[in-house]
Every structure is written in C-alpha cells, then in structure tokens.
Amino acid sequence: MDQDYERRLLRQINHQNVPEGHPSKSGYAACSPVTVKSGDRFIPTRAGSNWSINFHCANENCWSPNQNQRAKDASTDTGKDAVAYAALLRNELLGAGIETVPDPHTDDRRNTLVTQDTHSLFRYTIHTKRVPFDNEISPYSLSPLSNKSHKLLRSPRKPARKISKIPFKVLDAPELQDDFYLNLVDWSAGNLLSVGLGACVYLWSACTSQVTRLCDLSVDGDSVTSVCWNERGSLVAVGTHKGFVQIWDAAGGRKLTSLEGHSARVGALAWNGEQLSSGSRDRVILQRDVRTPPPVERRLQGHRQEVCGLKWSPDHQHLASGGNDNKLLVWNSSSLLPVQQYSDHLAAVKAIAWSPHQHGLLASGGGTADRCLRFWNTLTGQALQSTDTGSQVCNLAWSKHANELVSTHGYSQNQILVWKYPSLTQVAKLTGHSYRVLYLAVSPDGEAIVTGAGDETLRFWNVFSKTRCTKESKSVLNLFTRIR
C-alpha cells in the first residue's frame, strides 16, 4: 500500500474518532474548526451504516393489521411479557433505547415502541459523536445486557387487570322472553332490580336478596314488554303489549297512572327528569310529563319501523332513538323532527349508549346483518370509528368511572365483551349464557352489571373498576362539566 495514501487514511480515521470540542494533540487539528462531514446529496455514505437495521427501524411506524390485532390481544400477563421481550430485543439488536415497558392498551403505543432517535434508511452525514456512557456496558458488569435494557427490566409494570370470567351470582328468571325488541331488565339508583317476566314485574333487592312482585297484568290479558326506572329510583315505568305505559310507585307497590296513546307494544322507555319517552311498534315516540294530565304529549315521528332503543344524553338535551329500519335518530328537546340521522347500520339498532365522559359521544350497535359498533360525534354529526364484533349487538353500556364500555351479543356467539375506548381494545370476553344476551343493566355504583338471556337466567358480573379515568375531558369549552 502506498505510504502517502495510508497516512491520509489514518489521519481521516483519527479525525472521525475525536469528539466535538475535544482538543487534539495535533496542532493542525487544534487550529482547524470542527466541521461536519457530509457526503453527496444523492449518494448516501456507507460508513457506519447497517441498512438492515435501518430498514427495520424505518418501518416500525407502519403497523400491519396482524400487529394491531396482537396488540389488542395483549391484555393478559403472557401478552405483556411478550411486549417486554420484544422491547428487550429491540434494545439489544437494534439499539432502540427503550427504558419502560410500553402498554399495549394506550393510544400512543406506536410512539412508545419506536426508537427515540429518528431512523432513516440512508444517511448522508458522517456522525462523529461518541456514544454516551450510559449506553455503554460497564467493564465490571457480569450481565450481557446494556444499561438501557437493565432500566427496562427494572421499570415498574402496571398490574394486570383481573376480570372474573365467572358470574358472582346467578338468578333464575322463568318466562324471561327471548325477544330482541324488548327491554325487560333495569337497575335503579336504590339498588333494586326490576325484571319483566311474562305478565308480571318483579323487584329484587341487591342488598337483601328479597324478591317482591310489583304488578300482574294477566288480569287484563296483557304482558310486560319493557321496564325503566326514573333517575331517583322511586318510580318504575312499565310498557305493555297492548300499548299502555304504567307508572308504579316501587316503595308503595301501587300504580300511579296508566298512559295511553300507542296502538302497539311499547318496547323502549327512557326517563328525562319528570318526562318519560316511550317507543312503540307503531313507529311513534311519545314524550309525556308524568306531572301533567295524560293528553299533554309530544309525538316524534321519524322511524319507518318499530322503535326498539331509546336513550337520553347525560345533559338531558338530546334523545337518541334506534329502530328496526336500521336508522339512528337524534332529537332535541324542542323540535318535532330529528336533528340528526345516521344510516350506516345494516340491521336494527337497539343498542344505544351516550358516553358520560365525552360530551356528544354516542355509541350504537347493529343487529345480526350488521354486527358493528359505531361511534358518533353528535356535536358535528360525524362518524368517528367502527368495529365489527362478529355477532349481533343487543345492548351497550358505558362505565361510569373509566373510558370503557360493555356490549352484549346474540347470534352467534352469545358473549359479553368489555371494550376500552378509543382504542377499541377488548379488555375481557365473558361467556356463560346459552341464548342471546338480550338484556343488560349497570349497578348504581357502576362496578357490576347484570345480563339476561332467553335461557331464563340473570347473571351478575364484576367488570368495571371504581378507579376514575384520568383522561376525562377537562376542557373549559365544555359548558356541561362546570357551572363557571
């Protein structure tokens, strides 16, 4: 090798190994300014480039559907161990520098798994910086892992959420109808469960387990098609097959009034203060004030088939209705026409739930031909996101304390699913009913749910925690979260 060429090559290598701002023994190097060596703008430098690692790091942001599904299924201890192992491999093989175990349920999981430095496939600048000492392996360490990996293994891990797959109580419910369009179970603020069984309404106390019969409609040749408690838990509304709506005093066990107006069965009821909305097979929604005489009513006509779902928003301003015509309508408290109409579902819309955490967020579920959960921003009228559940969606309910919701399903899996929003991660899957899980109610403390099915059983599950969500909306622009 030519001696002059070898001397120039050694001088270039020594100059690359000198840290920035470090004085050199050579007088020429000490006098010359620190410059950044750049290659050609179109030809990447080959020095210090490992293109296979750079290619892997550059594609970490692009998650495939299979990777997304694996992240959604990482709710068990085994899944979290797999995430920690993957982060450890990235540290040791790719130099990712991950110090904490990423949570697969968080929305920013894509950002956590990516390396801290931005990697590109090609490099056009010769980096002369030395690696910081905390990334180096101590010469006295007996472990083959780097310091970053040690920090990763020592980082605190969030305890796994444990949801029992077995109901903590099962009650027999003879004559509980297997009808998708009925709503026969509701849980009051006073911890009383009302259940419509055939022609009777029974009350079950969650405190004493005492069962009392509230009413019997067989003397009139009628049957129960829906039950609904008011917000205080003192009155229960009972919809009947003949189109009547009866108001009962639960404590006194007496009927206060019987409202007429519907020409067919009343399958959906919803209270809004002292006002009661009822939806019927006659396609009409009647809204009445129980404090005034029966003739005072508002008739809301917008569905072309049976109304099977009704829910008032938490701010008492909007009513959501679902029908067998595959439509989801939103009404305000003053207009006789719907202010919004959503037609994306391909089957009957019975499952409706307003979010108590985000103003204007509405969730809905479709029947057998649709099987989808859909979320809507009723403030802007936009569809947010949807997911295919794989089976008929019968009911929806949000957690009172966390940004989660539970859905019950019919054909063909008869399951209960707990979802985390907005990632739509399945937190738990509960099975046990042998028929469609048509009925759902949440306990007043927001921790337990009760489900009913055509197998004539009521099952109680502990699915929600009492820990309040830390990501609740605290915006000052939300006029419904504070007075001033």
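Visitor: What does "partly exposed" mean here?
Guide: Buried means under 20% relative accessible area, exposed means over 50%, and partly exposed lies in between. This is a predicted model. Take asparagine 326: its relative accessible area is 23%, so asparagine 326 is partly exposed.

Visitor: Where is asparagine 326?
Guide: Look in the loop between strand 15 (318–323) and strand 16 (328–332).

Visitor: What should I check in its backbone?
Guide: Most residues other than glycine have a negative phi. Asparagine 326 has a positive value, near 70°. Arginine 283 also has a positive phi, near 75°.

Visitor: Where is arginine 283, and why does it count as partly exposed?
Guide: Arginine 283 is in the loop between strand 11 (275–280) and strand 12 (284–289). Its relative accessibility is 44%, so it counts as partly exposed.

Visitor: How do I read peptide bonds?
Guide: Look at omega. Most peptide bonds are trans. The bond from tyrosine 411 to serine 412 is cis, with omega near 10°. Serine 412 is in the loop between strand 23 (404–409) and strand 24 (416–420). The bond from tyrosine 421 to proline 422 is cis too, again with omega near 10°. Proline 422 belongs to the loop between strand 24 and strand 25 (425–430).

Visitor: How many aromatic pairs are there?
Guide: The count comes to eight aromatic pairs. One of them joins phenylalanine 375 and tryptophan 398. Their centres are 6.3 Å apart, with 75° between the planes, and the pair is edge-to-face. Phenylalanine 375 is in strand 20 (residues 372–377), and tryptophan 398 is in strand 22 (residues 393–398). The two are 23 residues apart, and their pair links distant parts of the chain.

Visitor: Are phenylalanine 375 and tryptophan 398 buried or exposed?
Guide: Both phenylalanine 375 and tryptophan 398 are buried.

Visitor: Which residues do ring pairs link into a cluster?
Guide: Phe168, Trp187, Trp204 and Phe460.

Visitor: Which charged end sits over the ring of phenylalanine 180?
Guide: That of lysine 350, at 5.4 Å from the ring centre.

Visitor: Now the surface. Which residues make a nonpolar patch?
Guide: Tyr85, Leu89 and Leu93 make one of about 320 Å². Find tyrosine 85 in helix 5 (residues 77–94).

Visitor: Why does tyrosine 85 count as exposed?
Guide: Its relative accessibility is 51%. The cut-off for exposed is over 50%, so tyrosine 85 counts as exposed.

How values were computed: Residues are numbered from 1 along each chain as its sequence is written. This is a predicted model: local features need pLDDT of at least 70, side-chain atom pairs count only at pLDDT 80 or more; totals for chains, interfaces and linings use all residues. Side-chain values use heavy atoms; hydrogens and water are left out. Patches are made of residues with over 30% relative accessible area and no salt bridge: like charges are joined within 9 Å, nonpolar side chains (Val, Leu, Ile, Met, Phe, Trp, Tyr) within 5 Å. Accessible areas come from the Shrake-Rupley method with a 1.4 Å probe; for residues, only the protein chains shown count as cover. A salt bridge is a side-chain nitrogen of Lys or Arg within 4 Å of a carboxyl oxygen of Asp or Glu. Helices (H or I, at least four residues) and strands (E, at least two) are DSSP runs, numbered from the N terminus. Buried means under 20% relative accessible area, exposed over 50%, partly exposed in between (1.4 Å probe, protein chains only). Rings of Phe, Tyr and Trp (its six-membered ring) pair if their centres lie within 6.5 Å; planes under 30 degrees apart count as stacked, over 60 as edge-to-face and the rest as tilted. A charge sits over a ring if NZ of Lys or CZ of Arg is within 6 Å of the ring centre and within 35 degrees of the ring normal.
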